[in-house]
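Q: I'm new to this one. Can you walk me through it?

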Amino acid sequence: MASSGDDERVVMDLRSAAESTAAAAPADGAGGEEAHATPLHEIESLCMRCGENGITRLLLTLIPHFREVILMAFECPHCGERNNEIQFAGQLQPKGCCYSLEVPAGQSEILNRQVVKSESATIKIPELDFEIPPEAQRGTLSTVEGIIMRAVDELQALQDERKKVDPQKAEAIDQFLLKLRSLGSGEAAFTFILDDPAGNSFIENPNAPSSDPLLSVKFYERTREQQAALGFLAEPPTEQPTAVESNNAVLQNDPHGSVGAVAGRRAIAQGNPDEVAAALCRYSAPEELKPGGEIPAKGKKITLRVQNAKDLTRDVIKSDSASVKVPELELELASGTLGALERIHGFQLGDSTLEWKKKKWEDFKERLSKLLSLQEPWTLILDDGLAASFIAPATDSMEDDSQLTIEEYQRSWEQNEELGLNDMDTSSADNAYNTTST
């Protein structure tokens, strides 16, 4: 570690900065002056423009309603080169995320929403058929307007050279820039889509923890190509031997969970329903419980009126396709999310959060505590387009449970599109089945 001559400025290597920054980060729940005591570190870095040494400043902070990030800003005192970048201090998320923000015309406050774009995220504006690929803009902390105007600046930067080489193309880009600037100034309505297979990008929801009618978020499983692009090992699966003969004995290599399936099939063959249930529940882990059978023709909405302590002990199965609502809290968890509030996008507070936002979150937690302590009745709603969710009735017959309501409904086109049912083609399988049957 080297001193820069100024007692308040310390220049150190990257590893030391990361370790000391992590050590100085406040523990969960810490706040006040301690939350603002995270040090700013400075590192000597090579300027790629002039070849001299510049300074990179690093700060570990918690983005409000998001997660911990490292903010980096580089400045070269020799040539004036400046740039900034954001990197994530945590791990990649289990699923990718896709945010879609509807920006109406004339509502400039929507353009001021905070946007965290990771280096693996793609930004799209369908109305202009415009896309910012991951490599075009590195990880940034900005706003909707900032992202758009940065794209304008980058396209404008080479216009003088284009006019000399290809005037026609330069004129087309000028016309496009006029449209893009109109979006950045709020003159026209558009859709701002942020798609990140790493799950580390974010668009602010000022209404959190309530849902936002202009903002929707979907979580999805990464494809093999996306896994490879993120640095994961994505080789095609190879068949492994399932049996090894040793000393005239066969050692069966059964995957986890298959023991219960074998026991279940044996019980089914013997016609014993009690043994079926016992075998499947004994050997199957709850987190591996998946719906089986054909896709139901209708979705299902289950509503439970929670009134007593017994209601809090009811068994609940929430599938990945189900959303959760608690109207009394104005709380809505989209499909693909889990029930742990502290881990869901939009529920974490950073040390730079405004006081009114902190007060709003504290009020929400207080209201949530009242509901869980049953100081007042409340409503739990599971809305599942695949009808794969379940709330246990308090009686043997669901019809006799006055607090539990189950409604079936016809899925909308949008729901089928989200579930991938609109593009599903089973004609080949149907033909093969019909041919075999005949």
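**Helix α4 and beyond**

A: Start with helix α4, residues 144-156. At 1.5 Å a residue, its 13 residues should span 18 Å, and the end C-alpha atoms are 19 Å apart, which agrees. The expected span is 1.5 Å times one less than the number of residues. Helices here are DSSP runs of H or I, at least four residues, and strands are runs of E, at least two, numbered from the N terminus.

Q: Which residues of α4 are buried?
A: Val 144, Ile 147, Ile 148, Ala 151 and Val 152. They cover an arc of only 140° around the axis, so they sit on the same side of α4. The arc is that of the directions from the helix axis to the C-beta atoms. Buried means under 20% relative accessible area, exposed over 50%, partly exposed in between (1.4 Å probe, protein chains only).

Q: Why would residues a few places apart point the same way?
A: An α-helix has 3.6 residues a turn, so residues three or four places apart point the same way.

Q: What kind of model is this?
A: It is a predicted model: local features need pLDDT of at least 70, side-chain atom pairs count only at pLDDT 80 or more, and totals for chains, interfaces and linings use all residues. Residues are numbered from 1 along each chain as its sequence is written, and side-chain values use heavy atoms, with hydrogens and water left out.

Q: New topic. How many aromatic pairs are there?
A: Two, from a search of the whole structure. Tyr 99 and Phe 202 have ring centres 6.3 Å apart and planes at 85°, so that pair is edge-to-face. Rings of Phe, Tyr and Trp (its six-membered ring) pair if their centres lie within 6.5 Å; planes under 30 degrees apart are stacked, over 60 edge-to-face, the rest tilted.

Q: Where do those two sit in the chain?
A: Tyr 99 is in strand β7 (residues 96-103) and Phe 202 in strand β13 (residues 202-203), 103 residues apart. Tyr 99 is buried at 2% relative accessible area, and Phe 202 is buried at 3%.

Q: And what about Phe 130 and Phe 176?
A: They form a tilted pair, 5.3 Å centre to centre with 55° between the planes.

Q: Which strand order does the open sheet with β13 have?
A: The order is β11-β8-β13, with antiparallel pairing. β11 (140-143) and β13 stand at the edges with a single partner each, so one side of each has no neighbour in the sheet. Two bridges join β8 (residues 114-117) to β13; strands pair if DSSP finds at least two bridges between them.
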